[in-house]
Amino acid sequence: MTVHLLWIINQSGQLIAKSSFTAPENIGELGAKPDLQLTMSSILFSTYGMSQELTPNANPVDSAGMTLVECEEHNIHIYETPTLVKFVLVSDSRTRECNALFRELHSLYVEYVMKNPFHIVDEGGIGQPIRIAAFTGAVKRAVDRYHAAGVLTATRK
Amino acid sequence: MTLYSIYIFNRYGDNIFYMQWNRTSAVQEGEASLVAGFIYTLQHLSLQLSSTGTSGLRAVQTPFYKLHYAETMTGYRVALLTCRNVSTALVQGIFIEMFRDVFHKTLTRDLNYRHKPGCMITNPDFAEGLEALFRSKQLLE
């Protein structure tokens, strides 16, 4: 029930926000070289499109992209909003789903980012990073509550 | 449980085997290359997240299907597309049996098969053995 990393990727595939919640060594090279996250997030954006193309049981236009990538040590969870903004969470491999946390993060994005009159969404076709301290703080608190709830659940079992 | 298709790639990235069952969408031109690029990319991303440097991709879940992945030490990669509710652990076990039994018996011991670029799987016993394995695991009926 641990979430290591959050990416927010805009509809053009640009990384507009990233937050780490655990020590860098938990996410290997991406922790050791944070600049790599810019590259890997756009690569993830491309593979999301590929996963729609590969749908074997629906027309690619009707299909939806991947929601979960299962790796040996991590799970990568992906949530796409109707406006095509993607929230990506990297968790440990035991975390099966993050739907409630995604909905909460989406609400925080709407409240702190979309309603902020000084946040520039797009400048000359280039998505602008989210530099809103209140949003960053709110995201940290949401994930901390998520971790605390997980510990409580684990303790109760 | 529903099976859609399987792709096997060798270490050079050649698509050496393809088979489909309950698939309803048309096969697209260049699709095998797209699958190869897709699994290679996610495998690479997974290794970059890994603390040990050896941890790899297991499965990709979408609302419509699930792609299961495994790779051998010799560089053979398999991608199996199934319906979304097929257990990752079940398919990982099936992959182990596939490589240890079916692949080994019908390909490794086949004098006509070579581990080199462009060599396709043409032994019909492999496809038959594969389907028998899937039937024994209730993936096919």
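A salt bridge is a side-chain nitrogen of Lys or Arg within 4 Å of a carboxyl oxygen of Asp or Glu. Two salt bridges are counted between chain B and chain A. This is a predicted model, where local features need pLDDT of at least 70, side-chain atom pairs count only at pLDDT 80 or more, and totals for chains, interfaces and linings use all residues. Residues are numbered from 1 along each chain as its sequence is written, chains are lettered from A and ligands numbered from 1 in the order in which they are written, and side-chain values use heavy atoms, with hydrogens and water left out.

**Where the chains meet**

- Contact means heavy atoms within 4.5 Å. The contact between the chains takes 35 residues from chain A and 34 residues from chain B.
- Buried area is the accessible area (1.4 Å probe) that two parts lose on being put together, summed over both. Chain B and chain A bury about 3100 Å² between them. Carbon and sulfur atoms account for 63% of that area.
- Three residues of chain B stand out: Gln48(B), Leu49(B) and Phe64(B). They supply 23% of the area that chain B buries against chain A, more than any other three residues.
- Thr41(B) sits in helix α1 of chain B. Helices (H or I, at least four residues) and strands (E, at least two) are DSSP runs, numbered from the N terminus.
- Leaving aside neighbours within four places in sequence, Thr41(B) is in contact with Ile43(A) and Thr47(A).
- Thr41(B) and Leu139(B) are 98 residues apart along the chain, and 27 Å separates their C-alpha atoms.

**Salt bridges**

- Over all chains, the count comes to ten salt bridges.
- Lys66(B) lies in strand β4 (residues 66-71) of chain B and Glu70(A) in strand β3 (residues 68-71) of chain A, so this pair joins two chains. Their closest N and O atoms are 3.5 Å apart.
- Buried means under 20% relative accessible area, exposed means over 50%, and partly exposed is in between (1.4 Å probe, protein chains only). Both Lys66(B) and Glu70(A) are buried.
- Lys137(B) forms a salt bridge with Glu97(B), with the closest N and O atoms 2.8 Å apart. Lys137(B) lies in the segment after α3 of chain B and Glu97(B) in helix α2 (residues 88-108), so the pair ties together parts that are 40 residues apart in sequence.
- Lys137(B) is partly exposed at 26% relative accessibility. Glu97(B) is partly exposed too, at 23%.
- Lys115(A) pairs with Glu111(A) in a salt bridge, with 2.8 Å between the closest N and O atoms. Lys115(A) is exposed, at 54%, whereas Glu111(A) is partly exposed, at 45%.

**Helix α2 of chain A**

- This helix covers residues 36-53, 18 residues in total. From its first C-alpha to its last it reaches 26 Å, close to the expected 26 Å. The expected span is 1.5 Å times one less than the number of residues.
- Its buried residues are Leu36(A), Gln37(A), Met40(A), Ser41(A), Leu44(A), Thr47(A), Tyr48(A) and Ser51(A). Seen down the axis of α2(A), they fall within an arc of 120 degrees, so they line one face of the helix. The arc is that of the directions from the helix axis to the C-beta atoms.
- Those buried residues pack against several elements of chain A, including β1 (3-9) and β5 (86-92), and also against α1 (31-49) of chain B.

**Helix α3 of chain A**

- Helix α3 (residues 99-114) has 16 residues, which should span 22 Å. Its end C-alpha atoms are 21 Å apart, which agrees.
- Its buried residues include Leu101(A), Phe102(A) and Tyr109(A). The buried residues of α3(A) fall within an arc of 165 degrees, so they line one face of the helix.
- The face turned away from the buried side carries the exposed residues Ala100(A) and Arg103(A).

**Cysteines and positive phi**

- A disulfide is a pair of cysteine sulfur atoms within 2.5 Å. The structure holds zero disulfides over all chains.
- Cys83(B) is buried at 9% relative accessible area. Cys119(B) is buried at 13%.
- Most residues other than glycine have a negative phi.
- Leu84(A) has a positive phi, near 75 degrees. Leu84(A) is in the loop between β4 and β5 of chain A and is partly exposed, at 42%.
- Gln138(B) has a positive phi, near 65 degrees. Gln138(B) is in the segment after α3 (124-136) of chain B and is exposed, at 56%.
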